[in-house]
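User: I am new to this structure and would like to learn how to read it. Please take one feature at a time, with the general idea before the case.

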Amino acid sequence: MLSASDTPPPPKDAAPLAGLSRSIADFLLYSLEQGFALNAKALRERARAHFFDASEILEAVYVELESDEWPWRGQTADVLAQRILVSEALLDLQAPIDEDELWYLDDETLASYKTQHESYLFSLSTMPVWKPPSVRGHAWLHSARSSVPSLESVSDIATWLNVSRDEWDGATNASKYRLRVHRKPSGKLRLLEIPPEPKRVLQRRLLHRLLDHVAPHEAAHGFVAGRSVHTHASLHIQQQVVIRLDLADFFANTLAARVFLLFRALGFVAHVANALTALCTTSQSRVSLRGALGAEYLNGNRYDIYSVNHLPQGAPSSPALANLCAHSLDVRLTAIAGQFGAIYTRYADDIVISGSGEIAARPRKFITLAREIIADEGWRLNPDKTRIMRNTGRQSFTGLVVNERVNVARDEFDRIKAAVHRATRDDVPHVLGLLSWLKQSSPERAAKLRQKLLARNDLTDVRSASKTR
């Protein structure tokens, strides 16, 4: 095997691309180790998801290595990275601009040429370092393993959750979920899968004893203590452009295989991870789906995903598990948003990116890259909900407007106001919840509507409202 001394020394100005060359080396060696195809088409598809604008450079490096007599496949990552650093693909980027060859350009055009060249070189040098998925996806879980109990068998799980083995078997075998259909304001249907009570009790205990102690990514604001749609929105105020993306069928597309890998990454042995996965996931028969959805089920194959084991929307453990399973997605989208000088946050399936400068100039380029990352992570975008919102118009998502400050959207406020006017005593606790949400951004309007709600129902305070049930 060749050593580092057998490769040519890199040029003096190559330092900015050292990280990129090492990332390419790691990527190629990992692909070989995993047996991934490295033909031109396969390489381009996998490289785009990891290297974005540099995918063509990676392909050029690979072609050069393949045509070289140097045995790159047997080298260490450090040695291969040094060889890549002096490849023609990277040397072309590092080469200084020869102004004698650009004599025909005026001063302004030449200055622009230099700026673009240096900007591109800088964007490549600051690209997030690629790591194998096992490292990129699970290193953050190491600190959480102190909260993970040592469980060696299914009986250990039952004891940990304070049930007998017979109670565990009875709860986990009660696999029939109740399906409830909720019609969204758009007219489309949301399918809720409600677990049987014995299983729901165990799922809730798992949530409080384990999942609540594993921190999701800082960009996740849904189902996280201390975060909300308001904290989600507050990071995107007064931006030149706000991009909204939506993950289609977020829970249903979080498959059991991903949940199993999460439990394994937390340190559980395989059969324990498998039992916990079975506790938290489900699948539905075509008969059940057709009975719940009716004609909606027959009008396409959107609901076929429910026939595969997935996280049920309606189980208490699903939101936390979905957040944790999306950690790698959050890491990658945060990184690429940073390359565009933008901010990324996610509230469940609602993804928002905002900023000025590069993201405002190339929003569709970002969306293309984000879509590739999302697909690579196992989810997919709902193209009907993709929005590019400039500050010349209303910038809103999750019922909030963020142009100048976080404020409730007019149509959302009108909906709450209408709920106040038509509320009966039985509706009061629910409407008070809506007003509590409104209070976070519009305390004065919430207070007026609250007084009107109580007065219309002859109630004096919240305590008397709670007694109506």
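Analyst: Start with burial: a residue is buried under 20% relative accessible area, exposed over 50% and partly exposed in between, using a 1.4 Å probe and protein chains only. By that rule, 47% of the 469 residues of the chain are buried. This is a predicted model, in which local features need pLDDT of at least 70 and side-chain atom pairs count only at pLDDT 80 or more, while totals for chains, interfaces and linings use all residues. Residues are numbered from 1 along each chain as its sequence is written, and side-chain values use heavy atoms, with hydrogens and water left out.

User: How do I read the packing of H3 and H4?

Analyst: Two packed helices are described by the angle between their axes and the distance between the axes. Axes are lines fitted to C-alpha atoms, for helices over the stretch in contact, and angles run from 0 to 180 degrees between N-to-C directions. Angles under 35 degrees count as roughly parallel, over 145 as roughly antiparallel, 65 to 115 as roughly perpendicular and the rest as oblique. Helix H3 (residues 55-67) and helix H4 (residues 77-85) pack at about 105°, with axes 11 Å apart. H3 and H4 are therefore roughly perpendicular to each other.

User: Which residues of H3 and H4 meet?

Analyst: Val-61, Glu-64 and Leu-65 in H3 meet Leu-80, Arg-83 and Ile-84 in H4. For sorting them, Ala, Val, Leu, Ile, Met, Phe, Trp, Tyr, Cys and Pro count as nonpolar, Asp, Glu, Lys and Arg as charged, and the others, Gly among them, as polar. The contact of H3 with H4 has four nonpolar, no polar and two charged residues.

User: Is H4 mostly covered or mostly open?

Analyst: H4 is mostly covered, with seven of its nine residues buried. Among the buried residues are Val-79, Leu-80 and Arg-83.

User: How many disulfides does the count give?

Analyst: A disulfide is a covalent bond between the sulfur atoms of two cysteines. The rule here asks for a pair of cysteine sulfur atoms within 2.5 Å, and the count comes to zero. Cys-280 is in no disulfide, and its nearest cysteine sulfur, that of Cys-325, is 10.0 Å away. That distance is too far for a bond. Cys-280 is buried at 0% relative accessible area, and Cys-325 is buried at 6%.

User: Where does Asn-162 lie, and what is its phi?

Analyst: Asn-162 is in the loop between helix H8 (154-160) and helix H9 (165-173). Its phi is near 60°, a positive value in a residue other than glycine. Asn-162 is exposed, with a relative accessible area of 53%.

User: And what is the case for Thr-398?

Analyst: Thr-398 also has a positive phi, near 45°. Thr-398 lies in the loop between strand E7 (396-397) and strand E8 (400-401), and at 22% relative accessibility it counts as partly exposed.

Key:
Helices (H or I, at least four residues) and strands (E, at least two) are DSSP runs, numbered from the N terminus. Contact means heavy atoms within 4.5 Å.
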